[in-house]
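Me: I have a structure open and want to get my bearings. Can we go through it together?

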Amino acid sequence: MAFFKKILARVGIGNIDIDTQFQTEDFIPGELVEGVVIAKGGKVEQKVDKIYFQIMTEYKKPVETDANRDGRTETRMQKETVVVANMLLGENLVIAPDETIEIPFQFVLPHETPISIGVSPIWVRTCLDIDNAVDPSDRDDIEVRAHPHTAVVFEALEELGFHLHQAENEYYLQRDYHLPFIQKFEFVPYHNGEYRSTVDELELIFYPNEDGVEIILEFDRKTRGFSGFLSDMLDTDESRHRYFFNREELEEGSSSVADQFRGIFDELLE
């Protein structure tokens, strides 16, 4: 009978069951996440080699289709699942039949974790590695709020008359960066906004950390007349720039950051 139970456990029947419970109410990149993993033993004793968390999300990646009869290929967007970070919780655990154990945890949510804006889900996957058995796992979808440093920039852009139009996780390979995607935010002016007559849209990428926030800003100016048409054709109306707002600048508040953006925009619009 014991041998039969082991066989069932290998295919996931009578295997260990896990449930991850978070004590954290707000998930914010760079801040602490706390909770407990409850593991209940199955029908036989099992050794857990590793228990770990994976921070997961999705992004869009362009994929070329096979050539058609004309020999041309087309590009379509395909969703890809990606592990933002792995975090080891424990190793070499032995769980007896029907035994229930609680494993408390705490970890810092990585700064690279995207914000819950847009259509891409974010979740924590709890994984157990068990030899010769189906590995149990638990998925918990989470809502991730903006890092405080990023939130100040959002507020500053709002004061300047911009509103968030779209946010997406997009394929973007970068040197010295370990993830294959970035979260891009597209802002457009309100109809009565300060830059409604000069700016079509802003695209921003944020890299917040404990020292401040680095921003990559792509600026698309509003064009007029024949010269504007040529600018559109030649893509000379767009420019990409990199800026860094340190902690002290951000702590001065959104109005101060908005003033810095005014200086940036005025220079770009010259």
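**Contacts of Glu58**

Reply: Let's start with one residue. Leaving out residues up to four places away in sequence, Glu58 touches Lys79, Glu80, Thr81, Ser120, Pro121, Trp123 and Asn169. Keep in mind that this is a predicted model.

Me: Which strand does Glu58 lie in?

Reply: Glu58 is part of strand β3, which covers residues 46-64.

Me: Is Glu58 buried or exposed?

Reply: Glu58 is buried. It has no salt bridge, though. Lys79 is the nearest side chain of opposite charge, and it is 4.0 Å away. Lys79 is also among the residues that Glu58 touches.

Me: OK, zoom out. How many helices and strands does the protein chain have?

Reply: There are five helices and twelve strands in the protein chain.

Me: And what share of the residues is buried?

Reply: Of the 270 residues in the protein chain, 43% are buried.

Me: What about the accessible surface of the chain?

Reply: The accessible surface comes to about 15,100 Å². Carbon and sulfur atoms account for 46% of that.

Me: How many of the contacts join residues at least 24 apart?

Reply: The figure is 66%. That share is taken among contacts between residues at least 6 apart in sequence.

Me: New topic: helices. At what angle do α2 and α5 pack?

Reply: The angle is about 65°. Helix α2 spans residues 148-159, and helix α5 spans residues 254-269. Their axes are 8 Å apart.

Me: Which residues make that contact?

Reply: From α2, the contact uses Val152, Val153, Glu155, Ala156, Leu157 and Glu159. From α5, the residues are Ser254, Ser255, Val257, Ala258, Phe261 and Phe265.

Me: Is the crossing left-handed or right-handed?

Reply: The crossing of α2 and α5 is right-handed.

Me: Now salt bridges. How many does the structure hold?

Reply: It holds eight salt bridges. One of them pairs Arg145 with Asp26, and the closest N and O atoms are 2.9 Å apart.

Me: Where do Arg145 and Asp26 lie?

Reply: Arg145 lies in the loop between β7 (137-141) and α2. Asp26 lies in the loop between β1 (17-22) and β2 (32-40). The pair therefore ties together parts that are 119 residues apart in sequence.

Me: How exposed is Arg145? And what about Asp26?

Reply: Arg145 is partly exposed, with a relative accessible area of 45%. Asp26 is partly exposed too, at 39% relative accessibility.

Me: Which residue does Arg139 meet in a salt bridge?

Reply: The partner of Arg139 is Asp141, at 2.9 Å from N to O. Arg139 is partly exposed, with a relative accessible area of 44%.

Me: And which residue does Arg262 form a salt bridge with?

Reply: That one is Asp259. The closest N and O atoms are 2.7 Å apart.

Me: How are Arg262 and Asp259 placed in helix α5?

Reply: They are three residues apart in the helix, so about one helical turn separates them. Arg262 is partly exposed at 25% relative accessibility. Asp259 is partly exposed with a relative accessible area of 48%.

Me: Which residues do salt bridges join into one network?

Reply: Glu170, Lys184 and Glu203. The salt bridges there share partners.

Me: Which residues is Gln166 in contact with?

Reply: Lys184, Phe185 and Glu186, leaving aside neighbours within four places in sequence. Gln166 and Phe185 are 19 residues apart along the chain. Their C-alpha atoms are separated by 6.0 Å.

Me: Last topic: backbone angles. What is phi of Asn92?

Reply: Asn92 has a positive phi of about 55°, although it is not a glycine. Asn92 lies in strand β4, residues 75-95. It is exposed, with a relative accessible area of 55%.

Me: And what is phi of Asp98?

Reply: Phi of Asp98 is near 65°, a positive value in a residue other than glycine. Asp98 sits in the loop between β4 and β5 (100-108). At 52% relative accessibility, Asp98 counts as exposed.

Definitions and conventions. Residues numbered from 1 in each chain as written. Predicted model: local features only at pLDDT ≥ 70, side-chain atom pairs only at ≥ 80, totals over all residues. Heavy atoms only, no water. Helix = DSSP H or I, 4+ residues; strand = E, 2+ residues; numbered from the N terminus. Buried < 20%, exposed > 50% of the residue type's maximum accessible area, 1.4 Å probe, protein only. Contact = heavy atoms within 4.5 Å. Areas by Shrake-Rupley, 256 points an atom, 1.4 Å probe, with all protein chains shown as cover. Lys, Arg positive; Asp, Glu negative; His and termini not counted. Axes fitted to C-alpha atoms, helices over the stretch in contact; angles between N-to-C directions. Left-handed = near helix turned anticlockwise from the far one by under 90°.
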